[in-house]
Amino acid sequence: ASVVGAVGNNGQGIAGVNWDVDIVSSATALDLSDIIEVFEDALSLRAQFNSSNGTSGALVVSVTASWGAPGIQACDGFSDPLFHDMAVAGILVITSGPNDPVDLDVAPEYPSSCALAEHLVVSTIGQGGETPYAIGANSVHLLAPGLAIRVADEVNGYQFADGCTTI
């Protein structure tokens with residue numbers, strides 16, 4: 001979250017990519033049904049925003065799913081309609097592969113291996129061009145810096161972090 005929303009130009013710590021953003025955490029989601037509920041809530045807020053010309057709801061532009069469930073083929077069924085409805089409403093689903101050297105084309109992982117137009121799958125690239133984590137010529141759409149990235153920590157300080165979830 002700090003990489004996305006940290007306010008910059010203030011002489012403190014780091015600067016995020018969007019200095020005026022609201023971030024809603026799904027940290028209380030413990031299983032797949034909780035995640036689906038979070039996605040449905042995001043869709044509901046965006047639908048309210050769209051139908052009210054912005055007077056209610058929220059302008060939800062994306063949801064991130066930087067977690068994974070190896071071997072689950074849920075995209076073959078129940079989540080396809082939800083992801084499609086989110087896209088129609090204007091919500092981009094951003095996923096990342098695992099922080100392991102795995103080819104998502106060979107070893108699918110939910111939701112990053114869902115072959116849906118509604119997804120943007122991101123993985124890590126290092127300063128030397130190395131790709132130490134998830135790859136997939138047909139699965140990964142974007143590589144972003146993800147090695148030794150300075151991020152805010154949980155105690156009002158900063159640390160360096162690696163992985164797809166730092167982006």
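Q: Which residues in α2 are buried?

A: Keep in mind that this is a predicted model. Buried here means under 20% relative accessible area. By that cut-off, I35, I36, F39, A42, L43 and R46 are buried in α2.

Q: Where do the buried residues of α2 fall when you look down its axis?

A: Start with the general idea. An α-helix has 3.6 residues a turn, so residues three or four places apart point the same way. Now the case here: the buried residues of α2 fall within an arc of 120°, so they line one face of the helix.

Q: And what covers the buried residues of α2?

A: The cover includes β1 (62–65), α3 (79–89) and β4.

Q: What span should helix α2 have, and how far apart are its end C-alpha atoms?

A: Count 1.5 Å a residue: the 20 residues of α2 (residues 32–51) should span 28 Å, and the end C-alpha atoms are 28 Å apart, which agrees. Just after α2, check the backbone too: N53 takes a positive phi of about 55°.

Q: How much of the protein counts as buried?

A: That's 34% of its 167 residues. The protein has three helices and eight strands, running α-α-β-β-α-β-β-β-β-β-β from the N terminus.

Methods: Residues numbered from 1 in each chain as written. Predicted model: local features only at pLDDT ≥ 70, side-chain atom pairs only at ≥ 80, totals over all residues. Heavy atoms only, no water. Helix = DSSP H or I, 4+ residues; strand = E, 2+ residues; numbered from the N terminus. Buried < 20%, exposed > 50% of the residue type's maximum accessible area, 1.4 Å probe, protein only. Expected span 1.5 Å × (residues − 1). Arc of directions from axis to C-beta. Contact = heavy atoms within 4.5 Å.
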